Protein chains: 2
Amino acid sequence: MSPLLRNPQLDGKPPVPLLVVISGPSGVGKDSVLMRMRELAFPFHFVVTATSRPIRPGEIDGYDYHFVSVERFEQMIRDDELLEWAKVYGQYKGIPKSEVRQAMASGRDVLLRINVDGAATIKRLAPEAVFIFLAPASTEELRRRLTVRRTESPEEIERRLAMASQEMEQVQHFDYVVINREDRLDEAVGQIRAIIIAEKQRVFPRQVRL
Amino acid sequence: MSPLLRNPQLDGKPPVPLLVVISGPSGVGKDSVLMRMRELAFPFHFVVTATSRPIRPGEIDGYDYHFVSVERFEQMIRDDELLEWAKVYGQYKGIPKSEVRQAMASGRDVLLRINVDGAATIKRLAPEAVFIFLAPASTEELRRRLTVRRTESPEEIERRLAMASQEMEQVQHFDYVVINREDRLDEAVGQIRAIIIAEKQRVFPRQVRL
């Protein structure tokens, strides 16, 4: 175990930067939450995930995701360029190592959006990260959200809902749970913000070494 | 060990009420912070301490403290009416049991302001409480604060400063530290608010049984 770091603010120094992992079932609104946090200009470094899935309307390459071809993604796997990767619903998603290194070097808090399986991997690699589980208020809300998105077929929506109920069990491995209620995005964002502020005030803050 | 309670918000229920202990050296501004939190109408139940010290200008009996005579306080000790008490700087201070019971029954978060020794006692009685240490930005600020207050003699101020540097060592037994910087009261209050919000989002919230 690494020696505990006393909060540097006690010595008039800036707080320790955190690694904050935001996860949750598919369709729960991880992207909306992060988009809102970026709109509000929260001072953090956002880790951009690489994906082989097609770009959705309104998404920006290099901002929302790094959109790459299947061939390029498989090359990144072979070249060991990914901290973590998975093939979910037939699409690759992964965290480029270069992204995380840049983020950690920035001195700002680092936010990482990842699916539930990916979060388990990050927990093994960086147990000192702050793990936040974004949960839907109900299965009905999750269904509505996936339906409105119109990017999945009805069969795929049912598959994701079944998966979501399994993923909900994983909440026990997270530090915090934030409910993302329909039409109350800012409440969820405010709670995430509070968690980040609170974690910085720990007498012994969690310091990630990656 | 009590069984862990899964966050009731996951089942659409209201969050668990917290017991929040705010402590720190004499003169650090515990009273100012709490006064500001009450002004901002934070929805919490505030535990009013009983004290034998004289009322200061602007203070209200039953709101800031229960101001009682030395005789009455000693009667409360004999009748076992106090959860915790101490004689500090020649004055009695203590937490009436009736106050805490009322507070816990209210269903709201309970805030308790107490000196550093008292916090140690509460930690033995209620380890699941949230312990926040309010710290000065520097010894100079603490000296200025005690001087401006004009309620202590120069000798007493020096005595309190010496005591404060000992009390600062106790920060390691607390969960969080909040620096109360001169002219930045709302920053400290905002951090305390964030801590309370974050603690409610824990997957397994801390549930106090007193």
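This report covers a sheet, a helix pair and a chain contact in a predicted model.

## Basis

Residues are numbered from 1 along each chain as its sequence is written, while chains are lettered from A and ligands numbered from 1 in the order in which they are written. In this predicted model, local features need pLDDT of at least 70 and side-chain atom pairs count only at pLDDT 80 or more, but totals for chains, interfaces and linings use all residues.

## The sheet in chain B

Chain B has an open sheet of four strands. Their order is β4-β3-β6-β5, and the pairing is mixed. Strands are DSSP runs of E with at least two residues; helices are runs of H or I with at least four, and both are numbered from the N terminus. Two strands pair if DSSP finds at least two bridges between them.

At the edges lie β4 (66-67) and β5 (82-88) of chain B, each pairing on one side only. The partner of β5(B) is β6 (residues 91-96) of chain B. These two strands run antiparallel and share six bridges. B:W85 stands opposite B:G94 of β6(B).

## Two packed helices

Helix α5 (residues 139-149) of chain B packs against helix α6 (residues 154-168) of chain B. The angle is about 145°, and the axes are 10 Å apart. Axes are lines fitted to C-alpha atoms, for helices over the stretch in contact; angles run from 0 to 180 degrees between N-to-C directions.

From α5(B), the contact uses B:T139, B:L142, B:R143, B:L146 and B:T147. From α6(B) come B:I157, B:R160, B:L161 and B:A164. Contact requires C-beta atoms, placed from the backbone, within 7 Å. By class, five residues are nonpolar, two polar and two charged. Ala, Val, Leu, Ile, Met, Phe, Trp, Tyr, Cys and Pro count as nonpolar, Asp, Glu, Lys and Arg as charged, and the others, Gly among them, as polar.

## Where the chains meet

Chain A gives 21 residues to the contact, and chain B gives 21 residues. On the side of chain A, the elements giving two or more residues are β8 (130-136), β9 (176-180) and α7 (185-200). The largest share, five residues, comes from α7(A). The side of chain A holds 14 nonpolar, five polar and two charged residues.

Technical notes
Contact = placed C-beta atoms within 7 Å.
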